[in-house]
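The entries follow in the order I made them.

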Amino acid sequence: MVSLVVLCCGIVLIYKSFFLCADYLNNLTCRLYASSLIDEKIGDISESFAEWPAKDLNLGDNTVTLAINHKPVTFTYKINLAPLPDVNSVWQCDVNLYWANGPRNMHAERSAYMIR
């Protein structure tokens with residue numbers, strides 16, 4: 001009887017750690033996608049910024065939906081592009097990315113500087 005209780009407790013702990021590891025893996029996968037999306041968005045803005053004001057500044061779509069681990073995840077961008085007040089011809093681009101990972105709201109952010 002005691003060995004059965006010990007065995008059941010061990011199995012419960014193994015299952016609990018499995019689901020915890022799966023949650024961490026899902027979180028890490030979303031963060032890797034978010035990092036890649038932010039880098040891609042900053043590159044697109046930099047290319048568009050080089051041709052601006054001759055062409056309209058294109059900040060792209062505000063949302064992207066990707067299938068991650070067979071589940072749709074919607075990433076939402078918030079972009080701020082403004083000149084630095086103390087430095088002429090240098091602009092700061094802040095890219096924030098938000099998404100829901102289960103019950104948690106996650107975000108990642110990155111800044112870049114562009115010379116005009």
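**Entry 1: Tyr-113**

I began with Tyr-113, which, leaving aside its neighbours within four places in sequence, is in contact with Leu-84, Val-90, Trp-91 and Gln-92. Contact here means heavy atoms within 4.5 Å. I noted that this is a predicted model, where local features need pLDDT of at least 70, side-chain atom pairs count only at pLDDT 80 or more, and totals for chains, interfaces and linings use all residues. Residues are numbered from 1 along each chain as its sequence is written, and side-chain values use heavy atoms, with hydrogens and water left out.

I found Tyr-113 in strand β4. Helices (H or I, at least four residues) and strands (E, at least two) are DSSP runs, numbered from the N terminus. Is Tyr-113 buried or exposed? Tyr-113 counts as exposed, because its relative accessibility is 56%. The cut-offs are under 20% relative accessible area for buried and over 50% for exposed, with partly exposed in between (1.4 Å probe, protein chains only). I also looked up Ser-46, which is 67 residues from Tyr-113 along the chain; their C-alpha atoms are separated by 9.2 Å.

**Entry 2: the sheet**

I traced an open sheet of 4 strands in the order β1-β2-β3-β4, with antiparallel pairing. Two strands pair if DSSP finds at least two bridges between them. β1 and β4 are the edge strands, each pairing on one side only. On average, neighbouring strands of this sheet are turned by 25 degrees against each other, direction ignored. Between β2 and β3, which run antiparallel, I read 8 bridges. Asn-80 stands opposite Asp-94 in β3.

**Entry 3: the helix**

I checked the length of helix α1 (residues 2-51). Its 50 residues should span 74 Å at 1.5 Å a residue, and the end C-alpha atoms are 74 Å apart, so the two agree. The expected span is 1.5 Å times one less than the number of residues.

Which strands do the buried residues of α1 pack against? They pack against β1 (63-68), β2 (71-83), β3 (90-101) and β4 (104-115). Among these buried residues are Cys-30, Ala-34, Leu-37 and Phe-49. I noted that α1 lies across the four strands β1, β2, β3 and β4, and runs at about 25 degrees to β4. Axes are lines fitted to C-alpha atoms, for helices over the stretch in contact, and angles run from 0 to 180 degrees between N-to-C directions.

**Entry 4: the core**

The largest nonpolar core has 21 residues, of which Phe-75, Val-95, Leu-97 and Trp-99 touch the most other members. Such a core is a set of buried Ala, Val, Leu, Ile, Met, Phe, Trp, Tyr and Cys residues joined through side-chain atoms within 4.5 Å. α1, β2, β3 and β4 each give two or more residues to this core. α1 gives the most, with 7 residues.

**Entry 5: aromatic pairs**

I counted 5 aromatic pairs. Rings of Phe, Tyr and Trp (its six-membered ring) pair if their centres lie within 6.5 Å; planes under 30 degrees apart count as stacked, over 60 as edge-to-face and the rest as tilted. Trp-52 and Trp-91 are edge-to-face, at 5.3 Å centre to centre and 85 degrees between the planes. Trp-52 lies in the loop between α1 and β1 and Trp-91 in strand β3, so this pair ties together parts 39 residues apart in sequence. Trp-52 counts as partly exposed at 25% relative accessibility, while Trp-91 counts as buried at 19%. Phe-75 and Trp-99 have ring centres 5.4 Å apart and planes at 50 degrees, so that pair is tilted.
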